Amino acid sequence: MKVLVTGGLGYIGSHTVVELQQEGHEVVIIDNLSNSSIEVLDGITKITGIQPEFEELDLRDNFELKDFFKHHQDIDGVIHFAASKAVGESVEKPLFYYQNNVSTLINLLQELQKQKQQNFIFSSSCTVYGEADKMPITENAPIKLAQSPYGNTKQIGEEILRDTTKINNDLKVTALRYFNPIGAHSSAHIGELPQGVPQNLVPYITQTAIGLREQLSVFGNDYPTEDGTCIRDYIHVVDVAKAHVVALERLIKHQQTSNFEVFNIGTGKGSSVIEVIEAFERVSNQKLNYKVVERRAGDVTSAYADTIKANNILGWTSSLTLDEAMRDAWQWEKKIRKNN
Ligand code: NAD
Ligand code: UFG
């Protein structure tokens with residue numbers, strides 16, 4: 001199949017492009033390079049031996065997008081990663097987030113609706129569940145009031161897609177709600193490239209260990225969990241990438257049971273911040289400099305996935321461990337620092 005991957009030079013997008021190519025699919029990437037670098041194309045090519053087609057294009061630009069589809073009428077499916085994703089920044093720049101995450105989705109759907117094949121995978125997030133009442137979180141858990149404009153763009157995105165599938169029977173949508181993707185490709189040719197000071201735990205850990213940051217702050221150890229730190233469902237990015245390939249193949253084979261479906265993409269296992277640090281120390285063979293500080297505003301105590309629906313219906317299960325993810329994140333950090 002020929003797949004359009006928007007945001008395909010970004011973190012999860014680039015790993016997905018690799019998995020698609022390795023399954024024999026043809027890929028065309030759209031990215032405006034706002035949070036990625038053109039060198040990612042080389043990384044992908046080094047792994048797969050195939051350079052994917054790339055169009056530098058901003059999805060906010062309707063005119064260019066129309067032109068793109070005019071020249072690409074043979075696309076079998078779209079995986080839509082392109083969006084901005086910094087929770088804190090979204091509070092500062094709500095209008096930018098609604099434009100870059102919501103209007104771009106509308107632009108894309110308007111063009112896609114003119115195509116013969118309308119198979120669509122949407123990047124959603126476990127953030128839609130907020131502070132869930134029950135663990136593990138199933139897809140039926142209630143959607144809570146969004147804690148940030150970023151989180152709201154994911155809720156609105158899902159609603160737009162659900163409403164559109166109701167009136168357009170040709171449109172088939174799968175929304176994947178990722179938990180916490182971490183790690184990098186085991187080849188260390190592609191990985192996460194956070195801009196500025198990382199907000200997320202794993203890049204903060206690896207940047208501290210490499211000497212770029214002095215010390216990791218652990219945000220609170222007075223949560224009602226075993227060691228007092230928050231619990232998340234950390235999943236290797238390659239497992240996340242594979243879920244996209246399976247989900248899109250399923251739509252193309254008309255195996256969906258409804259035109260709008262959602263799936264949790266996690267491991268089903270929760271790990272505390274301290275457990276993540278311990279996993280890092282194990283695989284890197286070094287101690288991490290960290291201290292416990294105040295809680296971070298907006299953090300939920302615990303969030304991990306019930307993955308039964310994805311396991312049974314998509315036929316997908318995560319297979320890589322936390323230690324493997326931390327090993328690959330560390331390999332990647334060492335590689336990018338050496339190159340710089
Ligand atoms: P990323 O920033 O690494 O990748 C997004 C890519 O989209 C970047 O390459 C960026 O340049 C591109 N892009 C942004 N705006 C664009 C536009 N207007 N036109 C064209 N390209 C544009 O992010 P990621 O971590 O790979 O996340 C991918 C998707 O998954 C996003 O939608 C994100 O919200 C979602 N998500 C990510 C996580 C996570 O922890 N990384 C968790 C849940 C959901
Ligand atoms: N943490 C630290 N120190 C840090 C960074 C994080 O202790 O320097 C802790 C956090 O308090 C949290 C855990 O590590 O307990 C994970 O934090 P991340 O920022 O890595 O991940 P979150 O679960 O907070 O964020 C993720 C996605 C967001 C999404 C959010 C919704 O990255 O895109 O889930 O809950 F919006």
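This is a predicted model: local features need pLDDT of at least 70, side-chain atom pairs count only at pLDDT 80 or more; totals for chains, interfaces and linings use all residues.
On the side of domain 1 that touches domain 2, the residues divide into six nonpolar, five polar and two charged.

Domain 1 covers 2–182 + 234–266, while domain 2 is made up of 201–231 + 269–308 + 322–339. The contact draws 13 residues from domain 1 and 18 residues from domain 2. Between the C-alpha centres of the two domains the distance is 26 Å.

The size of an interface is often expressed as the accessible area lost when the parts come together. Here, about 1,400 Å² is buried between domain 1 and domain 2, and carbon and sulfur atoms contribute 66% of that area. Within domain 1, the residues that lose the most area to domain 2 are Met135, Ile182 and Tyr234, which together account for 42% of what that side buries.

Turning to the ligands, ligand 1 is surrounded by 27 residues, and the closest are Asp31, Asn35, Ser36, Lys85 and Tyr150. The side chain of Ser36 places a polar atom 2.8 Å from an oxygen atom of ligand 1. From the backbone, a polar atom of Ile12 is 2.8 Å from an oxygen atom of ligand 1, and an N or O atom of Asn32 lies 3.1 Å from a nitrogen atom of ligand 1. On its own, ligand 1 has 830 Å² of accessible area, of which the protein covers 94%.

Ligand 2 has 18 residues around it, and the closest are Leu201, Ser217, Arg232, Arg296 and Asp299. For Arg232, a polar side-chain atom lies 2.7 Å from an oxygen atom of ligand 2. For Arg296, an N or O atom in the side chain is 2.9 Å from an oxygen atom of ligand 2. Leu201 contributes through its backbone instead, with a polar atom 2.9 Å from an oxygen atom of ligand 2. Taken alone, ligand 2 exposes 690 Å², and the protein buries 86% of that area.

Conventions: Residues are numbered from 1 along each chain as its sequence is written. Chains are lettered from A and ligands numbered from 1 in the order in which they are written. Side-chain values use heavy atoms; hydrogens and water are left out. Domain bounds come from an automatic or database domain assignment. Contact means heavy atoms within 4.5 Å. Buried area is the accessible area (1.4 Å probe) that two parts lose on being put together, summed over both. Ala, Val, Leu, Ile, Met, Phe, Trp, Tyr, Cys and Pro count as nonpolar, Asp, Glu, Lys and Arg as charged, and the others, Gly among them, as polar. A residue is near a molecule or strand if one of its heavy atoms lies within 4 Å of it. A polar contact is a pair of N or O atoms within 3.5 Å; within protein, one must be able to donate a hydrogen and the other to accept it, and residues adjacent in sequence count only if both atoms are side-chain atoms. Accessible areas come from the Shrake-Rupley method with a 1.4 Å probe; for residues, only the protein chains shown count as cover.
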